[in-house]
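Please read it alongside the sequence and the coordinates.

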Amino acid sequence: MDLKNKRVLVAGTGISGIGAVGLLMHTDADLILYDGNEKLSVAEIQSKLSGEKDIRIIIGELDDAVIRTLDIAVLSPGIPTDAPFVNRMRDAGVFIWGELELADEFAKGTVLAITGTNGKTTTTTLVGEILKNYFKEVFVVGNIGTAYTGVAMDTTESSYIVAETSSFQLETVDEFHPKVSAILNLTPDHLNRHHTMEGYVNAKKNIMMNQTTEDFVILNYDDPLTKAIGETAAPQVIYFSGTQVLENGYYFADEKIFCSENGKAEEICSAGDLKILGLHNMENIMAAVAMARCVNVPMDTIRKTITAFTGVEHRIEFVTEKRGVAYYNDSKGTNPDAAIKAIQAMVRPTLLIGGGYDKDSTYDEWIEAFDGKVRYLVLLGATADKIEACARRHGFENIIRTESLEEAVRVCGEKAQKGDAVLLSPACASWGMFDNYEQRGRLFKEYVGKLEN
């Protein structure tokens with residue numbers, strides 16, 4: 001899209017918004033930076049900006065008079081596409097873009113994009129590691145911490161871009177076109193944003209909106225929703241399965257990962273060769289291997305990388321062992337399905353810390369997944385009442401309420417016995433008590449570090 005003489009509003013002044021402004025400074029667009037948070041100051045926002053281009057900054061209410069002058073609005077991922085000011089812009093004929101779409105407009109190279117309810121960060125990190133061990137120019141971007149807009153201008157035709165993409169980012173897809181995409185799984189999440197499961201699934205499906213028969217999509221054969229997507233997908237479909245032997249695709253059986261083509265199976269590795277645990281991680285590995293093979297990375301390079309991979313911070317991350325009690329940080333378990341996978345990976349009696357921001361999730365399946373493993377459920381945050389009521393309906397009574405994460409860690413340290421595990425896997429978002437799940441996880445590790453040895 002030609003941005004010359006276009007008036008472009010960037011909404012949001014976080015990492016994504018500032019990255020978008022940095023990218024748009026390379027154009028002839030007339031820029032406005034907007035944030036609805038009236039507590040922010042212009043000076044604070046200006047301190048984040050670099051470059052000589054003069055940018056108008058608006059805080060608080062966005063007047064209709066300003067909206068009528070706009071051509072394009074770039075939304076940061078955290079801004080709902082049906083927010084009142086966004087609806088007013090749309091009604092005025094303003095073209096709505098997202099950070100993902102803006103970055104892709106400027107980036108060069110081959111894009112591999114990953115989405116799904118759970119496993120995105122682990123899979124994205126692993127794909128990035130595999131590609132870095134084979135290609136010279138690899139960028140790992142998206143929700144994983146580096147804004148796509150921040151590196152788009154550094155890419156070349158030889159670059160490989162591995163992008164973790166959320167449903168929020170995919171809502172505003174227009175021309176985004178990855179060579180390889182993956183939808184790892186689909187379970188209820190962010191329904192406070194998407195309102196219905198259908199809306200959430202449709203947002204995720206946008207990852208392959210512009211793919212053709214020359215492209216690839218990696219899908220979970222065991223998930224009914226992703227399996228169904230494959231039945232009508234335009235790109236070439238490659239399935240992976242943790243429960244079924246596939247004639248074509250990747251599967252996990254007899255504690256080994258296989259690649260199968262026309263019924264002829266090749267062993268990739270055994271679970272014993274890997275440093276990360278749990279069936280969900282076998283699925284993440286299969287998806288990563290499939291994506292890497294789609295861009296012709298040799299299997300030897302793939303094997304060496306996946307067997308050396310130790311996982312990612314905040315996802316069933318081993319923290320330490322104190323007095324015979326193992327502590328695990330799964331702060332990225334921000335929804336019940338992710339938290340279920342963490343419980344299933346535990347091999348010790350577990351004291352579980354849960355609760356946080358309410359995303360309109362239900363917790364019945366999470367409680368049922370305790371399956372005798374959980375000794376105590378230690379709750380905090382806005383969802384504590386809701387989770388406690390759910391647990392008691394399912395006959396689970398060993399519940400402790402705390403006012404802070406620090407108190408929760410201290411209580412677990414007092415209650416845990418030698419041979420137990422303490423697991424932070426909240427099944428809820430961090431908002432309200434923490435800036436993000438990373439801060440929650442790092443504080444957990446800090447509090448654990450203060451416990452007596």
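Strand 7 and strand 8 run parallel and are joined by 5 bridges; two strands count as paired if DSSP finds at least two bridges between them. Strands (E, at least two residues) and helices (H or I, at least four) are DSSP runs numbered from the N terminus. The model is predicted: local features need pLDDT of at least 70 and side-chain atom pairs pLDDT 80 or more, while totals for chains, interfaces and linings use all residues. Residues are numbered from 1 along each chain as its sequence is written, and side-chain values use heavy atoms, leaving out hydrogens and water.

**Strand 8 and its partners**
- Val140 has Val162 of strand 8 as its bridge partner.
- Strand 6 also pairs with strand 8, in the parallel sense and over 5 bridges, and Ala113 stands opposite Ala163 there.
- Strand 8 is largely enclosed by the rest of the structure, because 5 of its 5 residues are buried (under 20% relative accessible area, with exposed over 50% and partly exposed in between; 1.4 Å probe, protein chains only).
- Tyr160, Val162 and Glu164 point one way from strand 8, and Ile161 and Ala163 the other way.

- Strand 9 (residues 180-183) and strand 10 (residues 216-220) run parallel with 4 bridges, and Ile183 is opposite Leu219.

**Helix 6 and Lys120**
- Lys120 lies in helix 6.
- Lys120 is buried without a salt bridge, and Glu164, the nearest side chain of opposite charge, is 4.7 Å away. A salt bridge needs a side-chain nitrogen of Lys or Arg within 4 Å of a carboxyl oxygen of Asp or Glu; Lys and Arg count as positive, Asp and Glu as negative, and His and the chain ends are not counted.
- Beyond its neighbours within four places in sequence, Lys120 has contacts including Glu164, Thr165 and Lys204.

**Whole protein**
- The protein has 18 helices and 20 strands.
- Of its 453 residues, 58% count as buried.

Key:
Contact = heavy atoms within 4.5 Å.
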